[in-house]
Structure formats: structure tokens, C-alpha cells
Amino acid sequence: MPVVAPAQVGKLAALTILYVALYRLSDQLAGNERFGLAASILFLPAFVRLLGYLVAGFQAVPALFVAALFCVDLGLTMPDRVTVAAFLAVGGPLGAHFAGQLCGLERGLGNLSPLRLLAASLGCAAGNALFYETALVLVGIPDGGLVRILAILAGDTLGTWVIIYLIKIALTVSGTRLRS
């Protein structure tokens, strides 16, 4: 098991805080549990799952788990919340990993392109949708089926790309260029 450097711990704590903050904002903007009792059409924290995977790989999973524990309620008991949080922490990064492998995304992100970012974001959203739906069914929340899975997929994808474009707009306005 790889050792996590102290600087990495700070980054992971920042991911947790960012996830929780975007969860609260997302709830204010669109409601986090409007579709199928557990999904949103605009889920901004999905961006943090992708960001965490891209910058820390699977070392982001504990930060995502803690963030999900702070956010998941759904009227569940604590053991069920832990189950759902665990599935939420793993699904997105696994999906991003597999999508990244399919499109040739390198670990250091040296070859990150808009197309590879799109593939990783869709993989992250799909992985989360499948794992989250599975967790909900395991803890006894009625099966939302394809409708809830598609709502989660859409909400995660839209939330991720809203944040990506807000960052792009901020960089453009500030005159910052990512590549020369």
C-alpha cells in the first residue's frame, strides 16, 4: 500500500471540503434528491470525483468516502450510509480509470486532451451511476432502474462540465493560458 505524503493529505482534505461545499451549492440550485429519490439533474460534486481521480488516482477514494459520509443521508441508518458512501467513493474513480485506459490517458496527464477529458468524465459519471444505484438497492431504497441511472449519469455529467466551463471562463477572463 503506497504511503500518502503530508502534502497529499492536504490535497485530499481540500477535495473533501470542495465536495461538501459543491454538494450544498448543488442542493440549493437543483436539489440533490429530486429524481428517483436520490438523484439530481445538476450534481456539481461529480467534478470533484473526476478531479480527485485525475490528480491523486485511487488515493482520492478515502477523501471521497469521507465527503460522501458528510453528504449522504436519505434517511438511512449509519451502517447503510457507510455502505452508500463506500460505493460513491469507488464508482466514479473506477469508471474514470477504465475510460482513461480505453482512450490512452497517461497517469501523469501529459496527454490530457479535451476528448480524453470527455471520456474520463463520462466514465466517471457512468461508474458512479452504476455503483450508486447498486448501493441504493443494497440498502433497501426502491430500485430506480434505468430512469434513476440515467438521471445520475446526466446530473453527474452536467455538473462536471458546468464546473469545467466555469474554470475555463475564469481562466480566459484572467488571461491565464494552460498551454503555450
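Student: Which residues does Thr16 touch, not counting residues up to four places away in sequence?
Tutor: In this predicted model, local features need pLDDT of at least 70 and side-chain atom pairs count only at pLDDT 80 or more, while totals for chains, interfaces and linings use all residues. Residues are numbered from 1 along each chain as its sequence is written, and side-chain values use heavy atoms, with hydrogens and water left out. A contact means heavy atoms within 4.5 Å. With residues up to four places away in sequence set aside, the partners of Thr16 are Ala63, Val66 and Ala67.

Student: Is Thr16 buried or exposed, and in which helix is Thr16 found?
Tutor: Buried means under 20% relative accessible area, exposed means over 50%, and partly exposed lies in between, with a 1.4 Å probe and protein chains only. Thr16 has a relative accessible area of 11%, and is therefore buried. Helices are DSSP runs of H or I with at least four residues, strands are runs of E with at least two, and both are numbered from the N terminus. The helix in which Thr16 is found, residues 6-30, is H1.

Student: What covers the buried residues of H1?
Tutor: The buried residues of H1 include Leu12, Leu15, Tyr19, Val20 and Tyr23. An α-helix has 3.6 residues a turn, so residues three or four places apart point the same way. The cover over the buried residues of H1 includes helix H2 (46-56), helix H3 (61-71) and helix H6 (145-174).

Student: What relative accessible area does Gln8 have?
Tutor: Gln8 is found in helix H1, and with residues up to four places away in sequence left out, Gln8 touches Ala56 and Gln59. Gln8 counts as buried because its relative accessible area is 14%.

Student: How far does H1 reach from its first C-alpha to its last?
Tutor: The expected span of a helix is 1.5 Å times one less than its number of residues. H1 has 25 residues, and its reach is close to the 36 Å expected, the value from first C-alpha to last being 36 Å.

Student: Which residue with a positive phi follows H5?
Tutor: Helix H5 covers residues 114-138, and its 25 residues reach 36 Å from first C-alpha to last, close to the 36 Å expected. After H5 comes a residue whose phi is positive, near 95 degrees, and this residue is Gly140.

Student: Where is the place of Leu74?
Tutor: Leu74 is a residue other than glycine with a positive phi, near 55 degrees. The place of Leu74 is in the loop between H3 and helix H4 (78-103).

Student: How far apart in space are Val162 and Ala125, C-alpha to C-alpha?
Tutor: Val162 lies in helix H6 and, at 29% relative accessibility, counts as partly exposed. With residues up to four places away in sequence not counted, Val162 touches Leu42 and Leu44. Val162 and Ala125 are 37 residues apart in sequence, and their C-alpha distance is 14 Å.

Student: What radius of gyration does the protein chain have?
Tutor: The secondary structure of the protein chain comes to six helices and zero strands, and buried residues make up 43% of its 180 residues. The radius of gyration is taken over C-alpha atoms, and the globule rule is 2.2 Å times the number of residues to the power 0.38. For 180 residues a compact globule would have a value near 16 Å, which agrees with that of the protein chain, 16 Å.
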